[in-house]
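Colleague: I have a few questions about this model, and I would like them taken one at a time. Please put it up before we start.

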Amino acid sequence: MSTTSQASQRIAALLDENSFVEIGALVTARSTDFNLKQTETPSDGVITGYGVIGGNLVYVYSQDASVLNGSIGEMHAKKIANLYDLALKMGAPVIGLIESAGLRLQEVADALNGFGEIYKKQVLSSGVIPQITAVFGNCGGGLALIPTLTDFTFMEKKNAKLYVNAPNTLDGNVVSKCDTSTAAFQSEEVGIVDVVADEATLLGKIRELVSMLPANCDDEMVFEDCTDDLNRACADIAGCVGDTSIALSQLADDGAVFEVKADYAKEMVTALIRLNGVTIGAVANRSEVYGEDGTVTDKFDAVLTPEGCDKAADFINFCDAFNIPVLSLTNVKGFKADKCSEKKIAKAAARLTYAFANATVPKVNVIIGQAFGSAYVTMNSKAIGADITIAWPDAQIGTMDAKLAAKIICDGQGADAIDACAKEYAQLQTSAAGAAKRGYVDQIIEPADTRKYVIGAFEMLLSKREDRPAKKHGTV
């Protein structure tokens, strides 16, 4: 492996020291059109090989922008496709480090075919081995499909560009008006990107992510030795109903949370955490975001949005494919109601319902606040397949707030009658105890005890097996 190119330096920084073994170092471009044969094309612009991260086998390709701007030609694509073949045989993740001008114009037909070969390998690998891409420079046109076909996408915050159509080609737009190719736009507005950071931090975050993922879909649950107290009380968690990202950090072993798509649809948290050393996928409603200084930076209604539903559904599907148990923290009172959301919410909520109901991994739901209407049913309720449902004592479970229900029931009656009705309705119809009496809640616990009860539930579900009707695949 070259010791001078930035592509090789990225691989060295990503992998355990001296663990990289290069494959196909002598491959060069075969095309002779436009004097390409007279141009030096070492490794045909992409370094491919394998190594280890924390002792775990991974396959890596890193595009070399110093060779024909990292453009993809016939042999460049074949090297990446070959790497996928090896990864599938061995059942190990593929990590792509992208910086490329895109399609190589000197060999267009071969390059287009090469794009298709890479796409196909990615599709075949989906749900079999984890796929991770990190964009460090240009990633445009058809190349933009490559990170989007993977499970996790990282972008360097200053120099990375990800787009299908360049910003200046969009009607009514220029870069100075809205640079649609930036990491900020793709992570905050589009929701493609999971992590945005500087290059060194980015590579470190990939290492952290790999340590939490199984090598392939046949691996058992990922775990490491747990040094945190399994019965540790979460004394302050009751105050985290609004910002569930903080609640998850209190539940997790040693407070470690790997949040994905943190900048997109912030009203829904999706994260990987460890409980008793086991990797768990967490999905949680959020109504406020606290900054590092302890002040509230964002506020949301406790409702499901189209973006939040899609974000959560994609994450649950990934967890189910790789046997990662799912924990949900529910605090939701309905669906977002405006004209823009109405165009998408039914389909998005259906996708989320499908994802929860379709997942056969262990599923635990903790109702920490409101759980009203169909939005509650969608959020991993027992009705759609949660194995264990836990509620905090003050949780509200029902169709709507008791006061609102009382106003409808006692329409035309006085304030005293409405108040009395609301009190009775809250006790009989919207309390956690009322739901537990009907079997919809398995346990009512104090918030401080959440960690030990959730760990206990997942330990009990460790050997879960669930048969489903035979079919090729669902259609939602």
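Colleague: Which residues of H7 are buried?
Modeller: Helix H7 covers residues 244-251; helices (H or I, at least four residues) and strands (E, at least two) are DSSP runs, numbered from the N terminus. This is a predicted model, in which local features need pLDDT of at least 70, side-chain atom pairs count only at pLDDT 80 or more, and totals for chains, interfaces and linings use all residues. Residues are numbered from 1 along each chain as its sequence is written, and side-chain values use heavy atoms, with hydrogens and water left out. With buried meaning under 20% relative accessible area, exposed over 50% and partly exposed in between (1.4 Å probe, protein chains only), the buried residues of H7 are Thr-244, Ser-245, Ala-247, Leu-248, Gln-250 and Leu-251.

Colleague: What covers the buried residues of H7?
Modeller: Six of the eight residues of H7 are buried, so the helix is largely enclosed by the rest of the structure. The cover is judged by contact, meaning heavy atoms within 4.5 Å. It includes strands S10 (257-259), S11 (268-275), S12 (278-285), S16 (326-332) and S18 (363-372), along with helix H15 (450-460).

Colleague: Is Asn-380 buried or exposed?
Modeller: Asn-380 sits in the loop between helix H11 (373-378) and strand S19 (388-391). Its relative accessibility is 0%. By that value Asn-380 counts as buried.

Colleague: How are the rings of Tyr-50 and Tyr-59 arranged?
Modeller: Rings of Phe, Tyr and Trp (its six-membered ring) pair if their centres lie within 6.5 Å; planes under 30 degrees apart count as stacked, over 60 as edge-to-face and the rest as tilted. The count by this rule is four aromatic pairs. Tyr-50 is partly exposed at 32% relative accessibility, whereas Tyr-59 is buried at 5%. Their ring centres are 6.1 Å apart and their planes are at 50 degrees, so the pair is tilted.

Colleague: How far apart in sequence are the parts that Phe-152 and Phe-318 tie together?
Modeller: Phe-152 and Phe-318 form an edge-to-face pair, 4.9 Å centre to centre with 80 degrees between the planes. Phe-152 is buried at 3% relative accessibility, and Phe-318 is buried at 9%. Ring pairs also bring in Phe-322, making a cluster with Phe-152 and Phe-318. Phe-152 lies in strand S7 (residues 152-156) and Phe-318 in helix H8, so the pair ties together parts whose separation in sequence is 166 residues.

Colleague: What is the relative accessible area of Asn-323?
Modeller: Asn-323 is found in the loop between H8 and S16. Although it is not a glycine, Asn-323 has a positive phi of about 60 degrees. It is partly exposed, with a relative accessible area of 30%.

Colleague: Is Asn-18 buried or exposed?
Modeller: Asn-18 lies in the loop between helix H1 (6-14) and strand S1 (21-23). It has a positive phi of about 60 degrees and is not a glycine. At 75% relative accessibility, Asn-18 counts as exposed.
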